[in-house]
Amino acid sequence: MTVLPRTARSWGWHVLCLVIVAVVLYPLVWLAFASVKPPDEILSRLALLPTRFVFDGYTKGWEGAADVGFGRFFLNSFLVAGLSVAANVLSCSLAAYAFARLNFRFRGALFAFMITTLMLPYHVTLIPQYVIFQQAGLVNTFVPLILPKLLATEAFFVFLIVQFMRGIPRELDEAAIIDGCNVYRTFWHVVLPLSKPALVTTSIFTFIWTWNDFFTQMVYLNDTEKFTVPLGLRLFVDTSSESNFGAMFAMSALALVPIVLFFLAFQRLLVEGVSTSGLKG
Amino acid sequence: MTTVRTPDPPVAAEAAARARRQGRPAGRRRKSQPEAFAFLTPWLLGAVALTVGPMVVSLYLSFTDYDLFTSPKWVGFGNFAHMFTDDDRYLQSVKVTLIYVLVSVPLKLAVSLLVAMLLNTRRGGSGFYRAAFYAPSLLGASVAAALVWRALFMGGGPVNEVLAFFGWHTPSWVDDPQFSLASIVLLGVWQFGAPMVIFLAGLKQIPAELHEAAAIDGAGAFRRFRHITLPMLSPVIFFNLVMEAIHAFQAFTPAFVIGGGRGGPADADLFYTLYLFEVGFQDFRMGYASAMAWVLLAVIAIVTAIVFRTAKLWVFYDDVDGKGERR
Amino acid sequence: MRRTSERRTLVALAAVVPLLLTGVAACGSDPGGDGGDVTITFVWWGSDGRANLTKKAVELFQQKNPKIKVQTSFSAYAAYWEKLATQTAGGKPPDVLNVDTRYLAEYGGRNVLADLNSGAGKAISLADINPELAATGVYQGKRYAVPWAQNTPAMLYDPAAFTAAGADPAKGLTWDQYATATEKVSAAGGFAARGVTDFGILDTPLEIWLRQQGKQFYTPEGKLGFTADDLRRYWQLASRFRDTKAASPADVTASYNTSPEQSPLGKKLTSSEFAYDNLLPAYQKANGKPLNVAPYPTDANGNTGQYRRPSMFLSVAARSQQQEAAAKLVDFLVNDPEVGTIVGTDRGLAPNLKVRAQLAASAKGADKTLYDYEAGLEPKLGAAPPVPPKGAGAIQKLLQRTYEEVAFGRMSIDDAVSRFMSEAEKGLK
């Protein structure tokens, strides 16, 4: 192979990627511009650019709603999402290791049950769950949002980590056992480090999904002071009265910043995650 | 993690290979009861305290007439009978959901796998592209996302303009019964970030030596994809398939926000869970909604069981149950 | 309520068993009930602007009643109802709550709301509220709610467009004149924007149109008050507007949403729309042009079909431990003159007539338009209809989707009518 076709292929690759980027990002760019349109153009003007730039959405939006600044909603969301990430990574990887690597009674049945819990629409379990937290006096706190994650109720992530752990060559932990490691040490020193891509994936998804989750947070949080970003955003929009779409778009655009940063920070780890072959630098 | 002792893979692999040559079962079938349950404790607590109870309650309610505020009345299989004999909207919701599952799942998986493969390279800029491709998934299904989508597909919006340029004049997609489901499918596909990231992480796990060895043996790109990438990626493909299918069966938020909380124009976007939600929370028929939920669970369980069964034929694990030999 | 407690035991059973297993102690009792300070919870729906006004009113209440602490919470309309249903099903609805006439029977009829004709509710004064308006909160003989504001269905329109078409809706039009005018408005804009948002999907115009003919939407027994033939004629009327391109095309109609900003008039896709008078400022802001309110078109006999409509209600939860404090708050929000000044016309006109008269005297701008409109209509208002029955909440959506089948040409009017009638009968029990 000569140098030329290689460069040409590289160029082709870049062009292809850029075309996809343009298609995929257009709606987000539209969103960004919508946040600086004047009120009577936000929903009626389809063109990308506004006729004049208006930044009221940002100033009004940042003031928040009902005397609670939008910064407060951000802080609450950071708290909930951050704790959720920690809780999920810890609890789900523990359960996943048992399912992926250990042999115990009822393993098949429990695994099947775990998958089954994924299949029931949450709308019908919402009320019984709400009653539990209400009886425990925990409504209008962050506990109902985080405790389930600490108890690995998000089977999606358990399943995700199980699948990744199964992909790790068994020879590695068998060798560790032969070297005299017990199960806990093998988990902590061999399997967990090798599962880093899955753990990073879990962290990214947990953060983003918690950041964007509306229904659970809406049901459990009452005080505006405790509201998170998705709840704050809906305070600008009501179908029965006057809404402030400018503020809603502006804060929606702003709400993207932390998750973009979070993603950028962690996706590096995703790539640099240990490749199981151990051959990649 | 400061004390992580990175294993020395070649040595470990050698040890395992030695074990295998000597015909030792290498840990298979060894029970590790107490340790296993130690690892499972948080999950078991959560399952018992937060999952089983509510599930049992909803199962009970599915046999009752329950309006949320007064006592449930036992109606036996009445709700289930009503569903299939006397509820046209229910059947419409089944139809919409099946179309959505059958179209959006393969489409989303194909797009995310292709893009993941495109990005599985050491070329400069791949980090940027990966972040850019993931960006739509960061938005979630918020009110803002719904309004943006509406604007894109409205009459005179960019999608209509582009199509009109090619001579295809379409109405406002989101608001037309013929097109609105397609616009929701596209919204789902547009947010292909999650399966893409999972595929990408899976691709990273495939030893580069395999591809290099195959290339030296003269295998072309397609053959390498068919005989190395697909089998090696199969646990991840399997995971994505199961999860996306379950997810699609339960699709709620996109239709809810785009359809303005109802089933879209002339019920064209009446997703199963959307109808379930409407019945339970707006019509105060939580018994019927619970029955619908359990029928959905049964259907998803059957589909998942079939996928799990066929998995034995095409998914290769290297673990206790795995039959696949990788080298 | 023995049966209710049985049910609750059952739901709680699933809740408590796992709690015992995990050793989490349940603490169900309310903190400090008697003597000293009391805390009540108060919820409403609406956006941020409304919340600021309402919170100010609540602060004033707390100043005047230092022993009562009010915990407030608000959400957008749709989220409000889901949350309220969950809280109520869990056995702890808020003490004071905002109720819509479409859901009054659902909550009142299931004993969620306290009867304000007895007990602590008697402290709420209705003396200065129009008796007909006050009566809209009575369902099956019990006063489950007190009107929090009054509004009136109205046609919102762009006066410039209609003047150019040679019509003045403010003076009152017949349906025929309205059809001609809207067609001209559409033609003037080359049919890109239309004269009116297709009203075939909307229940309020149907109700007003029925009342103009001496009929009603619901009977006092909770059945439909109109026949298949009535609905057919209504949809034929709407279809006449659509066929002549006076009304919005089907896809624009399908995008309709009660939010002023998202409705076709708010998005400048039509020049008039049927809504409520108190939404004028919001519509105006979204549309960008000065708009006006007018009564609905009438038949030749000039019967407006309008009535004093409760734009929303306040209720007290039957299970509230603090009935007296809750009733006090309701009375304050409905009758206090200072509250009237604070909240203005955001929800509609003040229910208390003395407060309303005082506010009307000093009104300016869009508010003045509103007071003038209501004052002009006052002599023509008829008796309020009975409270809509259980299941009424779903009827608007049913009307909307069946008419959409017609508008998109997927179903004949006759077929759509029979589908509506059969589904409505199933839904109203």
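Visitor: How many residues of chain A are in contact with chain C, and how many residues of chain C take part?

Guide: Bearing in mind that this is a predicted model, 33 residues of chain A are in contact with 44 residues of chain C. On the chain A side, α5 (122–135) and α11 (215–220) each supply at least two residues, and α5(A) gives the largest share, 8 residues. By class, the side of chain A that touches chain C divides into 17 nonpolar, 10 polar and 6 charged residues.

Visitor: How many residues does each chain bring to the contact between chain A and chain B, and which helix of chain B gives the most?

Guide: Chain B brings 92 residues and chain A brings 91 residues. Helix α2 (residues 33–61) of chain B gives the most to the side of chain B that touches chain A, with 17 residues, and that side is made up of 61 nonpolar, 20 polar and 11 charged residues.

Visitor: How should I read a nonpolar core, and which residues touch the most other members of the largest one here?

Guide: The general idea is that in soluble globular proteins nonpolar side chains tend to be buried together. In this model the largest nonpolar core has 314 residues, of which Ala95(A), Val158(A) and Val330(C) touch the most other members. Helix α3 (residues 70–101) of chain A provides the largest share of this core, 16 residues. If residues up to four places away in sequence are not counted, Val158(A) touches Cys92(A), Ala95(A), Ala96(A), Met114(A) and Ala152(A), together with Trp43(B) from chain B.

Visitor: Which way do the residues of strand β7 of chain C point, and are they buried or exposed?

Guide: In a regular strand the side chains alternate between the two faces of the sheet. Here Pro153(C), Met155(C) and Tyr157(C) point one way from β7(C), whereas Ala154(C) and Leu156(C) point the other way, and all are buried. The strand, residues 153–157, is accordingly described as mostly covered, with 5 of its 5 residues buried.

Visitor: Which strands are joined to β7(C), and in what direction do they run?

Guide: Strand β8 (residues 272–276) of chain C is joined to β7(C) by 5 bridges, and the two run antiparallel, with Leu156(C) standing opposite Glu273(C) in β8(C). Strand β9 (residues 292–294) of chain C is joined to β7(C) by 3 bridges, also in an antiparallel arrangement, and there Tyr157(C) stands opposite Asn292(C).

Visitor: Why does Leu102(B) count as exposed rather than buried?

Guide: Leu102(B), which lies in helix α4 (residues 88–119) of chain B, counts as exposed because 12 other C-beta atoms lie within 10 Å, and the cut-off for exposed is 12 or fewer. Its C-alpha atom is separated by 21 Å from that of Trp294(B), 192 residues apart along the chain.

Visitor: What does chain B look like as a whole, in helices, strands and buried residues?

Guide: Chain B has 14 helices and 2 strands, and of its 327 residues 50% count as buried. Among the contacts in chain B with a separation of 6 or more, residues 24 or more positions apart account for 66%.

Note on methods. Residues are numbered from 1 along each chain as its sequence is written. Chains are lettered from A and ligands numbered from 1 in the order in which they are written. This is a predicted model: local features need pLDDT of at least 70, side-chain atom pairs count only at pLDDT 80 or more; totals for chains, interfaces and linings use all residues. Two residues are in contact if their C-beta atoms, placed from the backbone, lie within 7 Å. Helices (H or I, at least four residues) and strands (E, at least two) are DSSP runs, numbered from the N terminus. Ala, Val, Leu, Ile, Met, Phe, Trp, Tyr, Cys and Pro count as nonpolar, Asp, Glu, Lys and Arg as charged, and the others, Gly among them, as polar. A nonpolar core is a set of buried Ala, Val, Leu, Ile, Met, Phe, Trp, Tyr and Cys residues joined through C-beta atoms within 7 Å. A residue is buried if 20 or more other C-beta atoms lie within 10 Å of its own, exposed if 12 or fewer, and partly exposed in between; C-beta atoms are placed from the backbone. Two strands pair if DSSP finds at least two bridges between them.
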